[in-house]
Amino acid sequence: MSRRKKSSKKLVGSIIGIIILAIAGIFGLNQESINEFLEAENTLNTGVQEVTASSLPVDGNLNVYFIDVGQADSILITNNDSSMLIDAGNNEDGEDVVNFIKEKGITTLDYVVGTHPHEDHIGGLDDVINSDLEIGKVYMPEIETTTKTFEDVIDAISNKNLTITSPKKGDTFILGNASLEVMTDSILDEDNLNLSSITLYLKYGNNSFLFMGDAEADNEETRDWPKVDLLKVGHHGSSTSSSEKFLNETKPTYSIIMAGEGNSYGLPTEETLNKLQNIGSTIYRTDLNGTITVTSDGENIEIITSKNQ
Ligand SMILES: [Zn+2]
């Protein structure tokens with residue numbers, strides 16, 4: 001009985017949602033109105049564990065740039081006038097990352113994510129924050145370290161009067177007409193900062209992307225995973241990530257590995273490459289392909305590489 005009640009309530013919520021979104025499409029409602037609607041729909045759908053914003057209408061292209069910053073991560077995501085940066089490479093990459101963002105005509109980063117406080121992820125983040133780019137929300141895990149790299153980022157954040165938000169599993173937010181969901185809680189282990197990585201699932205129309213930072217098998221096994229079109233492979237293709245169960249669930253059509261050409265860690269490992277090949281995933285690597293640009297129109301994904309196309 002009560003189950004039936006809940007699902008009819010959800011149906012009503014969804015119908016109202018579709019109507020409001022149709023009106024939003026016709027009248028071109030702004031981001032704030034859409035956010036308000038999503039909050040309202042959240043309330044209607046209390047207890048439903050789905051990504052709440054997956055019904056946002058597709059508008060234009062979603063662009064995901066996997067910037068070649070050597071043995072490090074930096075990913076820029078844009079849709080319409082909204083943009084998000086996930087990581088900013090090593091310390092010496094900061095200026096290049098800022099220039100890359102500005103070359104795309106971007107003046108505001110709505111979200112800046114430092115997946116975890118290792119130099120190859122937050123190294124260039126102080127340059128990004130200290131630049132004249134406007135910064136919205138800063139997401140970082142709730143863990144500290146004593147490195148100068150980390151302190152530089154914290155200084156930059158406080159100099160710009162920004163605050164850090166540490167997201168929790170299940171948190172959702174909107175980037176343009178794409179929806180994002182935080183997939184795991186950070187495992188706070190000072191001896192292995194990789195485990196604190198913020199993991200993000202992005203849905204745009206019918207396309208889905210999963211950004212794993214340097215999350216490892218310990219993070220992967222904390223939940224079940226949806227099938228995705230594209231996976232930013234965890235931890236530069238290390239064997240500590242990308243467990244067989246995880247890959248069988250996510251079954252990414254495309255896998256992106258961010259690694260430095262001839263890096264001393266031997267990443268990505270043969271083991272990870274074999275596992276990805278075994279599930280039929282098409283692999284792109286920044287060490288071989290340079291900067292990788294992924295474009296989604298909500299239905300189809302196109303990939304352009306700066307090297308070895
Ligand atoms: Zn890393």
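Me: How are strands assigned here, and in which strand does F173 lie?

Reply: Strands (E, at least two residues) and helices (H or I, at least four) are DSSP runs, numbered from the N terminus. F173 lies in strand β7, residues 172–175. Residues are numbered from 1 along each chain as its sequence is written. The model is predicted: local features need pLDDT of at least 70, side-chain atom pairs count only at pLDDT 80 or more, and totals for chains, interfaces and linings use all residues.

Me: Is F173 buried or exposed?

Reply: A residue is buried if 20 or more other C-beta atoms lie within 10 Å of its own, exposed if 12 or fewer, and partly exposed in between, with C-beta atoms placed from the backbone. F173 has 20 such neighbours, so F173 counts as buried.

Me: Which residues of helix α9 are buried, and why do they line one face?

Reply: An α-helix has 3.6 residues a turn, so residues three or four places apart point the same way. In α9 (residues 270–278), the buried residues are T272, K275 and L276. Viewed down the axis, they fall within an arc of 95 degrees (taken from the directions from the helix axis to the C-beta atoms), so they line one face of α9. The face turned away from that buried side carries the exposed E270, N274, Q277 and N278.

Me: How should pLDDT be read?

Reply: pLDDT is the predictor's confidence in each residue, from 0 to 100. Where pLDDT is low, the predicted coordinates should not be read in detail. The protein averages 88, and 82% of the residues score at least 70. Over residues 1–13, however, the pLDDT is below 50, and over residues 31–53 the pLDDT is likewise below 50.

Technical notes:
Two residues are in contact if their C-beta atoms, placed from the backbone, lie within 7 Å.
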